[in-house]
Amino acid sequence: MPVLEGRELRIVGFLCNWCSYGGADTAGVARFEQPTDLRVIRVPCSGRIDPLFVAKAFMNGADGVLVSGCHPRDCHYAEGNFYARRRLEVFKNVISVLGIEPERFEYTWVSASEGQRWQEVVTKFTKQVHALGPMVSVPEVSLDRLAALEPAQS
Amino acid sequence: MLDQLKETIKKALPELDFVMGWGMGFDALHATPLFMYEPEDVDKLVWGPLNIQNLATYLPSLKGKKVGIVVKGCDSRSVAELLQEKLVNRDEVVIFGMACQGTVNLTKVREIVGNTGLVEDVKYENGKLTVTADGQPHEMLLKDVRADKCGYCRFPNAVISDHFVGEERAPQVEEDTFEDLKEFESQSFEERRDFWMKEMDRCLRCYACRNACPLCVCRDHCVAQSRDPHWVSQQDGIRDKFMFQIIHATHMAGRCTNCGECERACPVDIPVLLLKRSFNRAVKNTFAYDAGLDAGATPPLLAFKVNEDNIKEKEW
Ligand code: SF4
Ligand code: SF4
Ligand code: SF4
């Protein structure tokens, strides 16, 4: 049963293998109730997350993107998340100029033992994205062609 | 002043493969890159508001040669950034700088003159530009047709140079307050999206913006064209074009020196600099850092601090 009633949105989560993926697993094993909008992509380290992954997810129709890694100082590779933090912070600062509400993107830290915390993060973020509703999708074709296609669809 | 610059270049020329500057192009309005090999070439050198192109773009491909380059303030920042990233060797480049009075945006001139296909004569003095086309003189204030970047220019003098000729000029402003971005952000998110959809719809995907950028140095290995990884497809829709602009801007984060070449080179006048400026502002606010000022500095995204000064730890 989804925690949030109504239509699911498309939320993409990039989780690092060592902490946050484990944290999400812990939450699952403990049977903590969570919204089901999030689709998880597991990556080796938050340092692997190129901000362009986030951009690409939005371009392809995500309504929200969540990135989660190990807490600072706890990175399995010692400093991956420190680099990630800088990149993601800068990216969070600029997406509003793209026309994407900054609340649609968050990055945070969850350790493998923090099942409870994972539940909170994912619930809060999902609510936040639901408050904004679905994103207007970026057309794959030109505006002219889109206009020509539209009457056929309705 | 120009004579003094020419003398300086002539003196340095024997030690160099060539020196890059600007010469008269196909007509009086269009200055074009000039490659000076012989002292006679140096006599063709021009300097003024039509020296628009940033010649630093050539430098990375000239590694191994010893070349001279004439720079405006903004161009010198590109050179500094290239040095910083070791894309250019310091002992292979000789930098000639003078104080810049600002350059012209040719699109704005075209709006006033109409067809600038073949301009017969151009004069500039006392802050005025007179362009004669089809026998018709058009007078305009330089500040009305100036490139936008010159309105908030903080570095009219070369930030790095081996030969600085003439007097330095006071900068236009002390701080860039990003008024253009603020204005853009006074719109709703929907309006912003619509704006980019319309602009990106016009994009030809010619990649002139990328090719003109002095710091876009991957060239043949650009992710926009690679099949593996396949970041953007061959489709002509907005999605891939927008994605490409986001790629360019993201790859410039902490490196873009705001030279405006990307926007200048765009044949359909898409304001692509706006996106890069939002990265510049983010980098400035977060790391108190401006790209291309110190050839010895490390770009902020290639470094970190365990306790960041301006990044708040997440509460949730
Ligand atoms: S930005 Fe500054 S240095 Fe560059 S062209 Fe304008 S006035 Fe000259
Ligand atoms: S992105 Fe544009 S403004 Fe920035 S360095 Fe490249 S050409 Fe210059
Ligand atoms: S120069 Fe302009 S038209 Fe060409 S790819 Fe860049 S934005 Fe698109």
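## The interface between the chains

About 4,400 Å² of area is buried between chain B and chain A, and carbon and sulfur atoms give 64% of that area. Buried area here is the accessible area (1.4 Å probe) that two parts lose on being put together, summed over both. The model is a predicted one, in which local features need pLDDT of at least 70 and side-chain atom pairs count only at pLDDT 80 or more, while totals for chains, interfaces and linings use all residues. Residues are numbered from 1 along each chain as its sequence is written, chains are lettered from A and ligands numbered from 1 in the order in which they are written, and side-chain values use heavy atoms, with hydrogens and water left out.

Chain B brings 46 residues to the contact and chain A brings 47 residues, where contact means heavy atoms within 4.5 Å. Four salt bridges are counted between the two chains, each being a side-chain nitrogen of Lys or Arg within 4 Å of a carboxyl oxygen of Asp or Glu. Have a look at Arg239(B) and Glu140(A), whose side chains meet in a salt bridge at 3.7 Å, N to O.

## The sheet of chain A

Now to chain A, where four strands form an open, parallel sheet in the order S2-S1-S3-S4. Strands pair if DSSP finds at least two bridges between them; strands (E, at least two residues) and helices (H or I, at least four) are DSSP runs, numbered from the N terminus. At the edges are S2 (38-43) and S4 (105-109) of chain A, each pairing on one side only. From one strand to the next, the twist averages 20°.

Strand S1 (residues 11-16) of chain A is joined to S2(A) by six bridges. Within S2(A), Leu38(A) is the residue opposite Ile11(A).

## Helices on the sheet

Helix H3 (residues 80-98) of chain A packs on the sheet and touches S3 (64-69) and S4 of chain A, with its direction at about 160° to that of S4(A). Helix H4 (residues 115-132) of chain A lies across S1, S2, S3 and S4 of chain A and runs at about 160° to S3(A). For these angles, axes are lines fitted to C-alpha atoms, for helices over the stretch in contact, and angles run from 0 to 180 degrees between N-to-C directions.

## Two ligand shells

Around ligand 2 there are 14 residues, with Cys213(B), Cys256(B), Cys259(B), Gly260(B) and Cys262(B) coming nearest; a residue is near if one of its heavy atoms lies within 4 Å. Helices H11 (261-265) and H12 (273-287) of chain B each supply at least two residues of this shell.

Ligand 3 has 13 residues around it, of which Cys203(B), Cys206(B), Tyr207(B), Cys209(B) and Cys266(B) come nearest.
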